[in-house]
Amino acid sequence: TIISMKTVFERIIDGEIPTTKVYEDEKFLAFIDIAPVYYGHTLLIPKERFVWMQDAPDTLIGDIFVKAKELMIAMKSGIPCDYVQVGVVGDEVPHFHIHLIPRHHNVKDSGRKSYESPQQMAEYAQKIKAFL
């Protein structure tokens, strides 16, 4: 079943798939999305797997959104950007996650971006980390 299979996020948490970390503690991991909507697009996930947001305990929901706010503030300072779009879509990977997407006013979205190199991803991660 979908629940018994290890998700890509669980493989990232377990170190089986490399990622560009922005933040990590005992409960959460934030990392750069490899197919960003805009450069610096970050995914924030709980380390404990919940398929849907509504499956997670209320305390975790509160804590993850407080952490999302901290990351948003750091992104606005480090990237910089006009605002950070927040998305909880949840159907790409069956593991509750939050998209934090740096955005600029009056800039038309041209679809997904791609990084030129792992170093460019690391640079964006560092720009955010510098303000955490």
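**Where Val-86 sits**

In which strand is the place of Val-86? In this predicted model, Val-86 belongs to strand β4, which covers residues 83–87. With a relative accessible area of 37%, Val-86 counts as partly exposed, because that class takes in values between 20% and 50%. Together with Met-53, Phe-65 and Val-88, Val-86 makes a nonpolar surface patch of about 270 Å².

In soluble globular proteins, nonpolar side chains tend to be buried together. Here the largest nonpolar core has 26 residues, and those with the most contacts inside it are Val-22, Ile-32, Leu-44, Leu-71, Phe-96, Leu-100 and Ile-128. At least two residues of this core come from each of β1 (21–24), β2 (28–32), α2 (58–78), β5 (98–103) and α3, and the element that gives the most is α2, with seven residues.

**Ala-122 in helix α3**

Helix α3 spans residues 118–129, and Ala-122 is one of its residues. The relative accessibility of Ala-122 is 39%, so Ala-122 counts as partly exposed. Although Ala-122 and Tyr-38 are 84 residues apart along the chain, a separation of 15 Å is found between their C-alpha atoms.

Notes
Residues numbered from 1 in each chain as written. Predicted model: local features only at pLDDT ≥ 70, side-chain atom pairs only at ≥ 80, totals over all residues. Heavy atoms only, no water. Helix = DSSP H or I, 4+ residues; strand = E, 2+ residues; numbered from the N terminus. Buried < 20%, exposed > 50% of the residue type's maximum accessible area, 1.4 Å probe, protein only. Patch = residues over 30% accessible without salt bridge, like charges linked within 9 Å, V, L, I, M, F, W, Y side chains within 5 Å. Areas by Shrake-Rupley, 256 points an atom, 1.4 Å probe, with all protein chains shown as cover. Salt bridge = Lys/Arg side-chain N within 4 Å of Asp/Glu carboxyl O. Core = buried A, V, L, I, M, F, W, Y, C linked by side-chain atoms within 4.5 Å.
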